[in-house]
Amino acid sequence: EFRRVLFRSQERGLYLLGEPQLTPEEVEEIKVKKLLDEVECFRNSRAVVRKIRQKPNPTSKFNYITMEGEILSNLWFDKAEPFSKNFALVIQEPHRYNFLRLDGSLVFKTWLDAAKSFEGEYAVIKQHGSSTYQLMNSSGEVLKDRYDSILISTPDKIIVQKKGKSNILNQNLEMMMSRWPTFIRYIYPFSNELALVEEHSNTYNYLGGDGSWLFQNELGQRKSLALEMADSFCEGFAVVEDYFPHRGKVANFIDSKGKFLSKKWFDSASSFSGGLATVYNQSSQWNYIDLNGKLLYPDGFASIDVHSFCDGLALVFLKDQPEKPRFIKKSGEFLDHPELSGAKHFIDGRALVEIDGEYSNFLTIDGTFLIPEHHKIGFLDENLRYVKGNPQPEDLFHWTDYGNLNWFGEILD
């Protein structure tokens with residue numbers, strides 16, 4: 001039997017959120033009784049269930065059950081999301097959206113052209129035939145104000161756009177900026193409590209949750225930076241790009257006080273992840289920089305592709321053997337297996353690796369293979385059909401010639 005499982009459900013399952021759950025035995029009994037292929041965890045005492053219809057082609061259909069094991073709706077849907085705020089987003093292809101109440105009834109008589117699930121107190125909807133978006137509150141009421149776009153960045157920060165102008169609404173739907181400013185081209189989602197603001201004059205600034213500008217003059221007035229590009233903050237720094245006439249486009253990192261992390265500018269840079277960011281210069285090749293501006297490797301290394309560190313290892317492809325994946329440690333040592341022809345980065349101590357053109361094993365952080373013998377690895381799609389692909393920890397159990405194996409090396413019946 002194949003089924004979807006929650007990744008590390010015992011550690012981060014809904015039990016910790018106070019959501020009551022059925023026992024595995026009770027779930028199996030419901031699956032047999034109702035001829036279901038999958039029962040997910042309960043939210044609002046309702047769980048998403050899946051049934052595979054075999055004719056004319058295997059197709060998944062979704063519904064919900066109560067904790068008493070009763071099917072909630074007389075309709076089966078192409079997609080169904082868990083309940084949130086007493087509503088669940090359901091989808092029928094092509095591109096028809098609605099919300100289901102706890103009693104199994106639909107909120108809208110006419111299906112919507114677009115919708116997103118609740119984040120905080122609001123969900124975003126686009127009514128049939130409309131060119132604008134509206135908010136629906138947790139009572140199921142559609143609010144009258146219409147916008148060209150709505151992005152719920154955080155539960156209390158809603159970025160809206162109307163007639164080419166942008167603003168931010170709080171949880172009470174009050175505008176952060178009393179007027180719709182004309183100088184703003186686009187507001188990006190909040191990250192590290194700051195939202196990147198791109199202005200029409202090719203200048204950038206960051207807006208705090210209280211409506212204050214990060215970069216301002218002595219009088220508290222907005223004083224934006226003229227840059228080629230700016231990115232959102234991540235781990236206290238944002239990647240910015242400028243243009244030097246003698247060199248072209250260059251990159252650096254800026255902190256929340258407007259100070260640059262490094263005295264050196266790089267040809268390119270990526271956002272920080274786990275305290276390190278990749279940087280590149282033609283002279284010193286690839287390298288990693290830490291939050292103090294110190295380069296990890298004094299001489300850098302020649303590579304055609306580098307990835308962020310995960311579990312103390314980073315996947316790189318060096319110029320002298322561009323077809324061979326290698327994992328570099330923070331010490332500069334390499335974790336090598338000459339037989340590898342491809343690899344994915346580490347996730348929770350496992351890296352999916354390719355041997356002779358087939359994904360056929362997992363590499364552990366100590367350099368050993370998870371499976372004693374290499375076997376072709378894939379995973380099952382939502383219709384339980386074998387798919388050659390790149391499994392992730394939360395995907396369906398991985399099908400191999402060796403048996404059913406989860407991400408942690410456990411053999412499953």
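I began at a hairpin: β14 and β15 have 3 residues between them, and Asn 202 in the turn has a positive phi of about 60°. I count strands as DSSP runs of E, at least two residues long, numbered from the N terminus. The model is predicted, so I note that local features need pLDDT of at least 70 and side-chain atom pairs pLDDT 80 or more, while totals for chains, interfaces and linings use all residues. Residues are numbered from 1 along each chain as its sequence is written, and side-chain values use heavy atoms, without hydrogens and water.

**Entry 1: the sheet**

I looked up how β14 (residues 194-199) meets β15, and found an antiparallel pairing over 5 bridges. Two strands pair if DSSP finds at least two bridges between them. Leu 194 stands opposite Gly 208 in β15. Ser 191 in turn stands opposite Leu 194. β13 and β14 are also antiparallel, over 5 bridges.

On to β16 (residues 225-226): 2 bridges join this strand to β15, again antiparallel. Thr 203 has Ala 226 as its bridge partner there.

In what order do the 4 strands lie in the open sheet? I read β13-β14-β15-β16. β13 (184-191) and β16 stand at the edges with a single partner strand each, so one side of each has no neighbour in the sheet.

**Entry 2: strand β15**

Are the residues of β15 buried or exposed? I found 6 of 6 buried in this strand, residues 203-208. Buried means under 20% relative accessible area, exposed over 50%, and partly exposed in between (1.4 Å probe, protein chains only). Thr 203, Asn 205 and Leu 207 point one way, and Tyr 204, Tyr 206 and Gly 208 the other. In a regular strand the side chains alternate between the two faces of the sheet.

**Entry 3: rings**

I searched the whole structure and got 15 aromatic pairs. Rings of Phe, Tyr and Trp (its six-membered ring) pair with centres within 6.5 Å; planes under 30 degrees apart are stacked, over 60 edge-to-face, the rest tilted. Phe 87 and Phe 118 are stacked, 5.7 Å centre to centre with 20° between the planes. Phe 87 lies in β5 and Phe 118 in β7, so the pair ties together parts 31 residues apart in sequence. Phe 99 and Phe 118 have centres 6.0 Å apart and planes at 70°, so they are edge-to-face. Ring pairs link Phe 87, Phe 99 and Phe 118 into a cluster. Phe 99 is buried, at 1% relative accessible area.
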